[in-house]
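User: I would like to learn how to read the parts of a protein model. Please go through it with me step by step.

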Amino acid sequence: MKPSTLHLMVGLPCSGKTTYARQLAQETNALLLTRDTWHLKLFGDDVGDEQHHERHNLLEALLWDIAEHVLKIGGDVILDFGCWKRAERDAYKARANELGVNFKLHYMDVPVAELHRRLELRNRNPDNDTFFIPTTELDKVIAKFQPPAEDELN
């Protein structure tokens, strides 16, 4: 039996992470865990609320518990979390190593101008699976984002 694989989606908002993750889930028969989808269903679009980040972190911990269980019983998992900081990505890779499962990072590298274009379209046509993100918030995230280094992509 092949070892399970933890797939980690990395990229900024509007980079296509969730779209690609859905396709990958179908191709690999993996469990897809998209934090934003769960957040929106449980708490609504609360961007700007003082508890937004705390809720996001709690959901991420809960979804990891689910992912860990599925990986242990032989299933593949896709974490669609964004993972904007190297430390986050390294932590998930270390967790995969501790479980003895494969780890695959999927980086959605999209130019800033294209992110802004996609955000404008997304904000004009909201759906139940995405947050409304003001352009100023996207710019703050872009400034904090740490793109994966070459050694992370191998």
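Analyst: We start with terms. Helices (H or I, at least four residues) and strands (E, at least two) are DSSP runs, numbered from the N terminus. Contact means heavy atoms within 4.5 Å. Axes are lines fitted to C-alpha atoms, for helices over the stretch in contact, and angles run from 0 to 180 degrees between N-to-C directions. With these terms, helix 4 (residues 86–99) lies across strand 1, strand 3 and strand 4, and runs at about 155° to strand 4. This is a predicted model: local features need pLDDT of at least 70, side-chain atom pairs count only at pLDDT 80 or more, and totals for chains, interfaces and linings use all residues. Residues are numbered from 1 along each chain as its sequence is written, and side-chain values use heavy atoms, with hydrogens and water left out.

User: In what order do the four strands of the open sheet lie?

Analyst: Strands of a sheet pair through backbone hydrogen bonds, either parallel or antiparallel. Two strands count as paired if DSSP finds at least two bridges between them. Here the order is 2-3-1-4, and the pairing is parallel. Strand 2 (31–34) and strand 4 (102–107) are the edge strands, each pairing on one side only. From one strand to the next, the twist averages 20°.

User: How many bridges join strand 1 to strand 4?

Analyst: Six bridges join strand 1 (residues 5–10) to strand 4. Within this pair, Thr5 stands opposite Asn102.

User: Which strands does helix 1 lie across?

Analyst: Helix 1 (residues 17–28) lies across strand 1, strand 2, strand 3 (77–82) and strand 4, at about 175° to strand 3.

User: Is Ser4 buried or exposed?

Analyst: Buried means under 20% relative accessible area, exposed over 50%, partly exposed in between (1.4 Å probe, protein chains only). Ser4, in the segment before strand 1, is buried because its relative accessible area is 4%. Leaving aside neighbours within four places in sequence, Ser4 is in contact with Leu71, Gly74, Gly75, Asp76, Val101 and Asn102. By comparison, Thr136 in helix 6 is exposed, with a relative accessible area of 54%.

User: At what angle do helix 3 and helix 4 pack?

Analyst: Two packed helices are described by the angle between their axes and the distance between the axes. Helix 3 (residues 52–72) packs on helix 4 at an angle of about 30°, with the axes 11 Å apart. Helix 3 is therefore roughly parallel to helix 4; angles under 35 degrees count as roughly parallel, over 145 as roughly antiparallel, 65 to 115 as roughly perpendicular and the rest as oblique. Glu60, Trp64, Glu68, Leu71 and Lys72 of helix 3 meet Glu88, Tyr92, Arg95 and Leu99 of helix 4.

User: What about helix 5 and helix 6: at what angle do their axes cross?

Analyst: The axes of helix 5 (residues 112–124) and helix 6 (residues 135–144) cross at roughly 150° and come within 11 Å. Helix 5 is therefore roughly antiparallel to helix 6. Val112, Leu115, His116 and Leu119 of helix 5 make the contact with Thr135, Leu138, Asp139 and Ile142 of helix 6.

User: Which residues of helix 2 are buried?

Analyst: In helix 2 (residues 35–43), the buried residues are Arg35, Thr37, His39 and Leu40. These residues pack against strand 2, helix 3 and strand 3. Just after helix 2, Gly44 has a positive phi of about 75°.
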